[in-house]
Amino acid sequence: MKTPYGKECKFFYGDYARGHETQECRLLANNPESENWFPALCQNCPVPDILAANQCAHLRLYGRVGKSLFGLSKKVEVEGFCDQHFVDVQDPRVGCGHCHEIDLEEMQAAES
Ligand code: SF4
């Protein structure tokens, strides 16, 4: 579903049918330690670009509301975790990198 700022995000939910105007971010809603979501957070959120760049089914994202530099505004901070290799993912746009090792090993085994 598209966020109020026009980017596709699987964590955004909006219901505008029959007079409803419900919007929520299910990524932040899943983190009870995060401050509450509000629509403006979608504007600079890194998650839509992460999801567009990396569609690995094993990538788990954890989000929270953090403060920007100098604490003047709020932003979404994201951490990634690979549930296949049980490692933190430093750059969720790229992934943990271990699946590429497996692909390479399989290719090398097939060639030999
Ligand atoms: S805040 Fe980020 S993760 Fe949440 S709905 Fe908006 S774009 Fe998606």
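Predicted model: local features only at pLDDT ≥ 70, side-chain atom pairs only at ≥ 80, totals over all residues.

Colleague: Which residue does Glu79 form a salt bridge with?

Modeller: Arg64, with the closest N and O atoms 3.2 Å apart. A salt bridge here is a side-chain nitrogen of Lys or Arg within 4 Å of a carboxyl oxygen of Asp or Glu. Glu79 lies in strand 4 and Arg64 in strand 3, so the pair ties together parts that are 15 residues apart in sequence. Salt bridges that share partners also join Arg64, Glu77 and Glu79 into one network.

Colleague: How do you number the strands and helices?

Modeller: They're DSSP runs numbered from the N terminus: helices are H or I with at least four residues, strands are E with at least two.

Colleague: How many salt bridges does the structure hold?

Modeller: Seven. One of them is Lys74 with Glu35, where the closest N and O atoms are 2.5 Å apart. That pair links distant parts of the chain, 39 residues apart: Lys74 is in strand 4, and Glu35 is in the loop between helix 1 (26–29) and helix 2 (47–53). Lys74 counts as partly exposed because its relative accessible area is 38%, and Glu35 is partly exposed at 37%.

Colleague: What about Arg26, which residue is its partner?

Modeller: Glu24, with 3.0 Å between the closest N and O atoms. Arg26 is partly exposed at 38% relative accessibility, and Glu24 is partly exposed at 28%.

Colleague: Back to the strands. How many bridges join strand 3 to strand 4?

Modeller: Nine, between residues 59–67 and residues 74–82, running antiparallel. Two strands pair if DSSP finds at least two bridges between them. Gly66 stands opposite Lys75, and Leu61 has Gly80 as its bridge partner. The hairpin has six residues between the strands, and Phe70 takes a positive phi near 70° there.

Colleague: And strand 5?

Modeller: Strand 5 (residues 87–89) pairs with strand 4 over three bridges, in the antiparallel sense. Cys82 stands opposite Val87. This hairpin has four residues between the strands, and Phe86 takes a positive phi near 55°.

Colleague: Changing topic: which residues are around the ligand?

Modeller: Thr3, Cys9, Phe12, Cys25, Leu27, Trp37, Cys42, Cys45, Val47, Pro48 and Val76, each with a heavy atom within 4 Å of it. They divide into 10 nonpolar, one polar and no charged. In that count Ala, Val, Leu, Ile, Met, Phe, Trp, Tyr, Cys and Pro are nonpolar, Asp, Glu, Lys and Arg are charged, and the others, Gly among them, are polar.

Colleague: Last one: is Glu105 buried or exposed?

Modeller: Exposed, because its relative accessibility is 51%. Glu105 belongs to helix 3 (residues 98–111). Glu105 and Lys67 are 38 residues apart in sequence and 42 Å apart in space, C-alpha to C-alpha.

Notes: Residues numbered from 1 in each chain as written. Heavy atoms only, no water. Buried < 20%, exposed > 50% of the residue type's maximum accessible area, 1.4 Å probe, protein only.
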